[in-house]
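User: I am new to this structure and would like to learn how to read it. Could you walk me through some features, one at a time?

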Amino acid sequence: MVKVTIDDVQIEVEPGTSILNAARQIGGEVVPPAMCYYSKLPGTGGKCRTCLVEVAQGSEKDPRPMPKLVASCSTPVMDGMVVKNKTSERVHENRGGVVEFLLINHPLDCPICDQAGECHLQDLGYEHGAAGTRYEEERRTFDPIDIGNKIKLHMNRCILCYRCVHIANQLTDKRVHGVLHRGEHAEISTYIENAIDNDFSGNMIDVCPVGALTDKTFRFKSRVWFLKPMEASCECTKCSGKAVVWMFGNEIYRVTARKDKYGEVEDQDGKTGWICNDCRFDKKDVSKWNIEGPRKINRHSVISQGQYLSPRSNAKQITDGNQ
Amino acid sequence: MESLSNRKQVVSKKEMTFMEKIYLPAILGGMWITFKHLFRKNNTTKYPEEVREFAPVYRGQHVLKRDEQGRENCTACGLCAVACPAEAITMVAEERVKGEEHLYREEKYASTYEINMLRCIFCGLCEEACPKEAIFLTDRIVPSNFERGEFIYGKDQLVETMEERIDITKRQHTGKRGKK
């Protein structure tokens, strides 16, 4: 076990744990945001740089600070390491710069985007973003395309986190989409349009931190904050059948996997609870689901607006699971 | 006991004098004030011949604006409906298809947009919430009606026409466009 100090909180973790995961074991304010790292998908991380932290002391043996900020998702902890996240002015400033870079090509179409309200880039922009833009060039634009008959790709909104590529690599036997070109010209695309027909391809919608990949069956149907997320389960031979159904009155508008407060799919029965395309896209009938009860929503999330909680409900329950 | 706050006042129960007891000077004093008002300037506005001027930020009937090219600004983002404390606003979004680019500014638009004027409290929060400068309250008064159903205003009553555009420049003092 190695000892690390993150924002003056000390914790003992397994050797080889990344700083980000050590911070997540502490939880709360010290956790750096992550746009590309996804703990359930090996190989992700190190691309978006939003999880930058300052290492004030490298280790017990070599107490020199690291000269540059490091990406906490891909830097393993050392014994006696001292990390600063929230307490470091440099981190805040640099993260603001990273957000500005992410927003260079990202359109400000949150009023249109289906991800608005549960978008991680929106949260980041709210915390770090500037009111105006300094970018004067044209933003790169693409037409939205269909990848498969259920998923819409808005390449404009993509921040190239590669999560969807990793999920296609790891969940499916044959990946049919990836990142084409390089640098400024890089884009997510399929080899041939309409080539995606795997049973679990819909999960790329859930892992997308922005609104680049959206559910066509839910496209423009409603806004997430008008819907009520309910935990539901169904009999499914392909997946765990445990999902969140987003309801409006007695109608199911969309189905997603159950996500934790970091926006990652929760474990169900010891396995990651990815859901299959049948559950996600086709089961929109209430009779097919066994509704277990309302999903716990973070009190500060816009999704919880209009869902009046009684003052007696347990505050811990409300603030924990962030959907 | 001494008062701790030292703010205690003893109520006086003074006996009235003779002049106060007959009440006449007080009555005459009151009559004199009433008489003086006969020569004051009249405050009444003789509506409907005379119409009082509205404040530039008067909050009356809503308008859904179009841009310079006549495209609807509203993208059915639902922020006005969230902001509305009276739950008066409802809408249905639709995707713009090819060939409708001259009608709607963004790829999503409101196919129906309804404001229930009986629920509306004219607080102006919808206007404040709108990210697209689409909804504004104007200085028009919602007319009365005999039917309750008539008070649910749809897009036909809310969206401005290009022939009769509704001027809201006076209200835009806080928005980006108002600053220049």
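**Reading strands, helices and contacts**

Analyst: Happy to! This is a predicted model. Let us begin with a pair of strands: strand E7 (residues 151-153) of chain A and E10(A) run antiparallel and are joined by three bridges.

User: Which residue stands opposite Ile151(A) in E10(A)?

Analyst: The residue facing Ile151(A) there is Asp215(A).

User: What is the order of the strands in the open sheet?

Analyst: The order is E6-E7-E10 in chain A, three strands with antiparallel pairing. To find the edges, look for strands that pair on one side only: here these are strand E6 (145-147) and strand E10 (213-215) of chain A. Leaving direction aside, neighbouring strands of this sheet are turned by 40° against each other on average.

User: Which strands pair with E11(A)?

Analyst: One of them is strand E12 (residues 242-248) of chain A, which pairs with strand E11 (residues 228-233) of chain A in the antiparallel sense over six bridges. Within that pairing, Glu231(A) has Val244(A) as its bridge partner. E11(A) is also joined, again antiparallel, by four bridges to strand E16 (residues 290-294) of chain A. There, Ala232(A) is partnered by Ile291(A) in E16(A).

User: Now a helix, please. Which residues of helix H3 of chain A are buried?

Analyst: First the general idea: an α-helix has 3.6 residues a turn, so residues three or four places apart point the same way. In helix H3 (residues 120-128) of chain A, the buried residues are His120(A), Leu121(A), Leu124(A) and His128(A). Seen down the axis of H3(A), these residues fall within an arc of 95°, so they line one face of the helix.

User: What do the buried residues of H3(A) pack against?

Analyst: Their packing partner is helix H2 (89-102) of chain A.

User: How is chain A divided into domains?

Analyst: The domain assignment gives domain 1 (2-101), domain 2 (107-132 + 139-215) and domain 3 (224-320). Taken over C-alpha atoms, the centres of domain 1 and domain 3 of chain A are 30 Å apart.

User: Finally, how many residues does each chain bring to the contact?

Analyst: Chain B brings 12 residues and chain A brings eight residues. On the side of chain B that touches chain A, the largest share is three residues from strand E2 (residues 89-95) of chain B. By type, the residues on that side of chain B are four nonpolar, two polar and six charged.

Key:
Residues numbered from 1 in each chain as written. Chains lettered and ligands numbered in written order. Predicted model: local features only at pLDDT ≥ 70, side-chain atom pairs only at ≥ 80, totals over all residues. Contact = placed C-beta atoms within 7 Å. Helix = DSSP H or I, 4+ residues; strand = E, 2+ residues; numbered from the N terminus. Nonpolar A, V, L, I, M, F, W, Y, C, P; charged D, E, K, R; others polar. Domains from an automatic or database assignment. Pairing = 2+ DSSP bridges. Axes fitted to C-alpha atoms, helices over the stretch in contact; angles between N-to-C directions. Buried ≥ 20, exposed ≤ 12 C-beta atoms within 10 Å, placed from the backbone. Arc of directions from axis to C-beta.
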